[in-house]
Structure formats: structure tokens, C-alpha cells
Amino acid sequence: MMTLNELMLKQNFISKVLLKDGDKELSRNLKVKIVGMRVKMAKYRKDFDEDVQEAIKNLKPEGFDELSSKQDRTEEENKQLEAMTTKLNEEYVEFVNKKGLEEINYEVSLTEDEMNELIDVNSGNDVEINGTKLSAPDYLEILYSLFVA
């Protein structure tokens with residue numbers, strides 16, 4: 001078992017794994033395993049994204065859309081919109097935080113041998129995850145800690 005937050009973190013990293021790099025290629029079994037993990041994790045993320053969109057629709061105060069799209073708002077309307085936006089943001093953050101702590105009945109891991117194979121193919125794979133650039137050694141170290149250790 002892991003939380004939805006943990007799953008999404010792992011998805012960010014597993015999605016960057018190269019299945020093939022030049023002449024180096026993962027074995028068929030490991031490719032199938034990685035792709036299967038990606039597909040399953042993407043479904044959880046899609047469900048999460050849909051839940052968040054639904055939550056926003058339900059949390060939005062009455063009149064929010066009309067007021068936010070209004071071109072010439074008065075000072076009073078601007079204050080009202082600001083208060084509505086603050087409340088919506090606070091409730092949204094609380095929803096996302098609670099949702100992220102939900103337990104997911106899905107476990108993913110890699111064996112030492114699978115990780116060694118991944119390292120061989122991904123040794124030159126510098127990546128960017130959520131705006132952070134990681135050198136291949138740093139990326140592979142984190143990947144190891146998330147999926148093997």
C-alpha cells in the first residue's frame with residue numbers, strides 16, 4: 001500500500017525511464033513491466049485529476065464564474081472576488097492534501113537485477129522532473145530509492 005502522493009511521485013520518475021538508448025535496450029520483460037507500471041499509474045493520476053476538477057466545480061462559490069469573467073468590476077466586486085478566490089484556494093488545497101493521503105492498493109518495485117538493467121540503459125539519461133534538472137546519476141539514485149530500497 002502507498003498513498004496517492006507517493007504513487008504520483010513514483011510516476012514522475014518511472015515515466016522518464018528510457019526503454020532504449022542507442023544500441024542499449026531493456027529486456028522485453030522489463031519493458032513490459034515498466035510500461036504496465038506507467039499505464040496503471042497514469043490511470044490513478046487521471047482519476048485524481050478528474051476528482052480535483054469535480055471538487056473545484058463543487059467548491060466554487062455561487063456567482064464566482066460570473067464575477068471572475070466580468071470585465072468592469074467595481075472595487076467592492078474585486079474585494080468580493082478576492083475573498084471568494086481565497087476561500088476556494090484554501091478548500092482546494094485542503095481537498096488535494098487529503099486526497100493525496102488516500103491509500104492506494106497498488107505496490108510497485110524493482111529488483112536489484114532490474115535496476116542494474118535500467119542503470120545500464122539510462123546511464124546517460126539526464127532528466128527534468130517538475131522543473132528540476134537531475135543528472136543521470138542523481139536520477140538513478142532517486143529511482144533506486146523509490147523502487148528498490
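Select helix 1 and helix 2 to begin: their axes come within 10 Å and cross at roughly 130°. Axes here are lines fitted to C-alpha atoms, for helices over the stretch in contact, and angles run from 0 to 180 degrees between N-to-C directions. Helices (H or I, at least four residues) and strands (E, at least two) are DSSP runs, numbered from the N terminus.

The model is predicted: local features need pLDDT of at least 70, side-chain atom pairs count only at pLDDT 80 or more, and totals for chains, interfaces and linings use all residues. Residues are numbered from 1 along each chain as its sequence is written, and side-chain values use heavy atoms, with hydrogens and water left out.

**Helix 1 on helix 2**

Helix 1 and helix 2 are therefore oblique to each other; angles under 35 degrees count as roughly parallel, over 145 as roughly antiparallel, 65 to 115 as roughly perpendicular and the rest as oblique. Their crossing is left-handed, meaning that the near helix is turned anticlockwise from the far one by less than a right angle (clockwise would be right-handed).

Show side chains for the contact (heavy atoms within 4.5 Å). Helix 1 supplies Leu4, Leu7, Met8, Lys10, Gln11, Asn12 and Ile14, and helix 2 supplies Ile34, Met37, Arg38, Met41, Ala42, Tyr44, Arg45 and Phe48. These divide into 10 nonpolar, 2 polar and 3 charged, where Ala, Val, Leu, Ile, Met, Phe, Trp, Tyr, Cys and Pro count as nonpolar, Asp, Glu, Lys and Arg as charged, and the others, Gly among them, as polar.

**The largest core**

Select Leu7 next. Beyond its neighbours within four places in sequence, Leu7 is in contact with Met2, Met41, Tyr44, Ile104 and Tyr106. A nonpolar core is a set of buried Ala, Val, Leu, Ile, Met, Phe, Trp, Tyr and Cys residues joined through side-chain atoms within 4.5 Å. The largest one has 30 residues, and Leu7, Tyr106, Leu118, Tyr139, Leu143 and Phe147 have the most contacts inside it. Two or more residues come from each of helix 1 (4–14), helix 2 (28–59), helix 5 (112–122), strand 5 (127–129) and helix 6 (136–147). Helix 2 gives the most, with 7 residues.

**A second core**

A separate core of 5 residues includes Leu67, Leu81, Met84 and Leu88. Centre on Leu67, in helix 3 (residues 64–69). Leu67 is buried, with a relative accessible area of 8%. Outside its sequence neighbours within four places, Leu67 is in contact with Arg73, Glu77, Gln80, Leu81 and Met84.

**Helix 2 on helix 4**

Phe48, Asp51, Val52, Ala55, Ile56 and Leu59 of helix 2 meet Leu88, Glu91, Tyr92, Phe95, Val96 and Lys99 of helix 4. By class this contact has 9 nonpolar, no polar and 3 charged residues.

**Helix 5 on helix 6**

Finish with helix 5 and helix 6, which pack at about 160° with axes 11 Å apart. That makes them roughly antiparallel. Glu112, Met115, Leu118, Ile119 and Asn122 of helix 5 touch Ala136, Leu140, Leu143 and Tyr144 of helix 6.

How values were computed. Buried means under 20% relative accessible area, exposed over 50%, partly exposed in between (1.4 Å probe, protein chains only).
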